Amino acid sequence: MLDFRPDEEQRMLTEAIHRFAEEKVRKAFREAEETGRIPPEVVQAGWDIGLLPTGLPEAFGGFGEYSTLTNALAVEEFAWGDLALTLNILLPNLVALPLHLCGTEDQKAEYLPRFCEAAPPAVTAALTEPVFQFNPRRLQTTAERDGDDYILQGIKTMVPLAPEADLFLIYAREGERTQAFLVPAGTAGLQVGEPVKLMGMNALQTYRVSLDRCRVPVGAKVGGEQGLDFDLVLNHGRIALGAAAVGLMRAGFEFARDYAKQRVQFGRPIAQNQSIAFMLAEMATDINQARLMVWEAAWKLDRGEAATRETTVMKYHLDDLAVKVADQAVQILGGYGYIREYPVELWLRNARGIAHLDGLAMV
């Protein structure tokens, strides 16, 4: 029999993250959205929880207790606070986890200790491209072997905090496979462009990055000659996005539920109206369904089983479900739902972005 109850350590972790989200993130996320800047002390406090170092091997300074399912539980709580801040806190994962999962021993020894230090390292990753119907398995950015080097050519978009990064993980197509390359900032041909203005998540600054015959040594290819298991990396990323979507949905549901209990019309709370009660019940059902889909995919990865089918089905289902639940929260608030004073309009804009965030989160 499967037991879906979190163990004691998982409960302690999620409770700590929920307190962080409630006491720090919820007090800062609206101003961060309006100003386009997340307070550094809030990011540092999120990093101090130690989610990434906990999962890295002891040989490189971590605690060696990696669990995709535990990380998914954590991401849900982070995203309950705010999606943009969650992606900021998870940013080092975008480089550390592909190295942990697929890197050579030399690459792990060189880079992974950076992710176990007191402050988060200044790194970022570039997967998404400004093309119609972007497919991460059919990249336009190319990597061509030239002697002892690779030459990278292409354009990336939605690269988080690119001007601050001293190391980029660039995804590119080598032949028919998607591979990843470690590119230090300042490498000739790597150029950080203008900011990309998004519909939501304005607190997370993203940028356009161009690669014009950017030359890197063959040792920069993650995994060496064997290369990257991109399906595995993509699955870990999509589980992170699924967990974040569940946290976002939960935030909208709980706010709408509490509002409906307090908002009185015609002498009784609107939560007692059948249409509102049914909508809230449907939202709760959808959230539970979404969470179980995330947990199943994470559980299979932790067991070393193939999970691409479960992860893909979960991802595309939650792309729509996140928008549906967030929109229902706006509907329950009525006219207030469209006013920026209330967070549900922000959660709806953020939910619409879940479908386009491949490469921006990983657990």
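Trainee: How many residues in the lining of the largest pocket are nonpolar, polar and charged?

Mentor: Ten are nonpolar, eight polar and eight charged. Keep in mind that this is a predicted model.

Trainee: What makes the space a pocket and not a cavity?

Mentor: A pocket is an open set of points, whereas in a cavity a 1.4 Å probe fits but cannot get out. The space of about 540 Å³ is listed as the largest pocket, so it counts as open.

Trainee: Which residues lie closest to the centre of the largest pocket?

Mentor: T128, F134, A355, H356 and L357, out of 26 lining residues. Each of the 26 is in the lining because it has an atom within 4 Å of a point.

Trainee: Which element gives the largest share of that lining?

Mentor: Helix 11, with four residues. Strand 3 (149-160), helix 10 (308-333) and helix 11 (344-353) each supply at least two.

Trainee: How do you know that strand 3 pairs with strand 7?

Mentor: Count the bridges. Pairing needs at least two. Strand 3 and strand 7 (residues 206-217) have nine, so they pair. They run antiparallel. D149 stands opposite P217 in strand 7.

Trainee: What joins strand 6 to strand 7?

Mentor: Five bridges, again with the strands antiparallel. The cut-off is at least two, so this is a pair as well. Q191 has S210 of strand 7 as its bridge partner.

Trainee: Which residues lie nearest the centre of the second largest pocket?

Mentor: V43, N88, L91, L161 and E164, among 20 lining residues. The volume is about 420 Å³. Helix 2 gives the most to the lining, with four residues. By class, the lining has 14 nonpolar, four polar and two charged residues.

Trainee: How many cavities of 30 Å³ or more does the search find?

Mentor: Four, over the whole structure. L127, Y171, V233, G359 and M362 lie nearest its centre, and 13 residues line it. Helix 8 (residues 230-262) gives the most, with five.

Trainee: How many charged residues are in the lining of the second largest cavity?

Mentor: None; the classes are seven nonpolar, three polar and no charged. Among the lining residues are G46, G50 and N93. Glycine counts as polar, so G46 and G50 fall in that class. Helix 3 gives the most to this lining, with three residues.

Methods. Residues numbered from 1 in each chain as written. Predicted model: local features only at pLDDT ≥ 70, side-chain atom pairs only at ≥ 80, totals over all residues. Heavy atoms only, no water. 1 Å grid on protein atoms, 1.4 Å probe; cavity = no way out; pocket = protein on both sides within 12 Å on 5 of 7 lines; lining within 4 Å. Points joined across faces, edges and corners; volume = space filled by probe spheres on them.
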